[in-house]
Amino acid sequence: MSGRDLFCQPRRIRHGAALTLVFTSVLVAGAATGSFDGSDAKKPSTESVAPTGHDDVTEAAERAMADGKSPMEAAERAVSRSGDRWSAVYSQGEYEELEESLDGQYTGVGLSARRESDGRIEVTRVQPGAPAARAGIRRGDLLRSVDGEDVTGRPVTEVVSLLRGDADDAGAGSRVRLGLQRGTHTWSEVLRRARLSTDSVTVRRLARGITLIKVTAFTKGSGDRVRDAVDRAPEGGGIVLDLRGNSGGFVAEAVTAASAFLDGGLVGTYDVDGDQRVLRADPGGDTARPLVALVDGGTMSAAELLTGALQDRGRAVVVGTRTFGKGSIQMPSRLPDGSVAELTVGHYRTPAGRSVDGRGITPDLEADDGALQRAETVLSGLGHAS
């Protein structure tokens, strides 16, 4: 796992016991980032039988327990040896916080971050009104340290734990010192953690009857909020679906969002240890209203699944820059000491069979700083925005 502010789950998928697959992305410093639920449950479950890909980690944890050593540390070493950048191990407390995050609440400072290939921890999003925003921290800033501990090269899960103050059971109001860098300028900020909500869907009206729907993560209920926004959009007006910086989330929520724009049909496929499954939209979506999807390098995971479906099905013009390229699926399993290992078990593909992992999705029209204006121009050219 590489970041932490996301969530998701598909409908009625069974494989023996109800599987809960975690579709992880970039973690927000405080909120969870992504989950793929194979049952109708609303939170990740670790009750099902883990696939064979988990055997090495589970066996390492069990051996450590038998030898009186830490199962969690043994599992972390096994994950590290696997070379899988998306796998992670959580303590029981961390995983409980992740589950809480999936409900749209978390304690933190309100920033999302990801680890770059050179080990740097880069801020990918700052939640408006949160402590990080009030301190003037911006997207693109580098996070160098947390309470004096160098975080460069560390897994984002560990960085998130430090930001939350897990080791001290820190709560809202507790202090945390961040070491930051912007260009050549370095500085530090002392923030107070706060109880925050993940306002993952916002809606506003643009000129010419266009509705802008911004989705920052597919948290619980976000798919229905997208559908409600589409239903309330002015007649004859186009829609801009802004998925820039969306780190992913519950796949089911992304599928529900897709259902707002599709009349049933394929949203994507995914495999678990070679066994292929299908994700389908519900019938009855709005297929006539002009639609532009905005994406960028921070568009990840479940957000890429949605983008690929709308692009392959010819439902949206995709505008922006190439997406991140996180198309793998993780599944959690409980370890002997109550900690949770989350390992990659498969990958998803778009309706046309495209693999996203490591590739991302190329937009139909390239645009960076002026992407929203370009989207409005596209909608005007489609002739339905009045």
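Me: What does helix H6 lie across, and at what angle does it run to S12?
Reply: In this predicted model, helix H6, residues 222–232, lies across S12, S13 and strand S14 (239–242). Its direction is at about 15° to S12.

Me: Which strands does helix H9 touch where it packs on the sheet?
Reply: Helix H9 (residues 371–382) touches S12, S13, S14, strand S17 (291–295), strand S18 (317–320) and S21. The direction of H9 makes about 165° with that of S17.

Me: In what order do the six strands of the open sheet come?
Reply: The order is S12-S13-S14-S17-S18-S21, with mixed pairing.

Me: What makes strand S12 and strand S21 the edge strands?
Reply: Each of the two, S12 (201–205) and S21 (365–366), pairs on one side only.

Me: How do you know that S12 and strand S13 pair?
Reply: Pairing asks for at least two bridges. S12 and S13 (residues 211–215) have five bridges, in the antiparallel sense, so they count as paired. Valine 203 stands opposite isoleucine 213 in S13.

Me: Which residues have the most contacts inside the largest nonpolar core?
Reply: They are Ile213, Phe218, Val226, Leu241, Phe261 and Val267, in a core of 41 residues. Helix H8 (residues 302–312) gives the most to this core, with six residues. Another core, of 21 residues, lies apart from it and has Val123, Val159, Leu162 and Leu180 among its members. In soluble globular proteins, nonpolar side chains tend to be buried together.

Me: Why is the pair of tryptophan 86 and phenylalanine 324 called edge-to-face?
Reply: Rings pair if their centres lie within 6.5 Å, and planes over 60 degrees apart count as edge-to-face. Here the centres are 5.9 Å apart and the planes stand at 70°, so the pair is edge-to-face. A search of the whole structure finds two aromatic pairs.

Me: What parts does this pair tie together?
Reply: Tryptophan 86 is in the loop between helix H2 (71–82) and strand S3 (88–90), and phenylalanine 324 is in the loop between S18 and strand S19 (328–334). The pair therefore ties together parts that are 238 residues apart in sequence.

Me: Why is tryptophan 86 called buried, and why does phenylalanine 324 count as partly exposed?
Reply: Buried means under 20% relative accessible area, exposed means over 50%, and partly exposed is in between. Tryptophan 86 has 5%, so it is buried. Phenylalanine 324 has 22%, so it counts as partly exposed.

Me: What makes lysine 326 a residue that lies over the face of tryptophan 86?
Reply: The distance asked for is within 6 Å of the ring centre, together with an angle within 35 degrees of the ring normal. Lysine 326 is at 5.2 Å from the ring centre and lies over the face.

Me: What is noted about the phi of aspartate 147 and of serine 301?
Reply: Most residues other than glycine have a negative phi. Aspartate 147 has a positive value, near 50°, and serine 301 has a positive phi of about 55°. Aspartate 147 lies in the loop between strand S7 (142–146) and strand S8 (149–150), whereas serine 301 is found in the loop between S17 and H8.

Me: Are these residues buried or partly exposed?
Reply: Aspartate 147 has 45% relative accessibility, so it counts as partly exposed. Serine 301 has a relative accessible area of 0%, so it is buried.

Methods. Residues are numbered from 1 along each chain as its sequence is written. This is a predicted model: local features need pLDDT of at least 70, side-chain atom pairs count only at pLDDT 80 or more; totals for chains, interfaces and linings use all residues. Side-chain values use heavy atoms; hydrogens and water are left out. A nonpolar core is a set of buried Ala, Val, Leu, Ile, Met, Phe, Trp, Tyr and Cys residues joined through side-chain atoms within 4.5 Å. Buried means under 20% relative accessible area, exposed over 50%, partly exposed in between (1.4 Å probe, protein chains only). Helices (H or I, at least four residues) and strands (E, at least two) are DSSP runs, numbered from the N terminus. Contact means heavy atoms within 4.5 Å. Axes are lines fitted to C-alpha atoms, for helices over the stretch in contact, and angles run from 0 to 180 degrees between N-to-C directions. Rings of Phe, Tyr and Trp (its six-membered ring) pair if their centres lie within 6.5 Å; planes under 30 degrees apart count as stacked, over 60 as edge-to-face and the rest as tilted.
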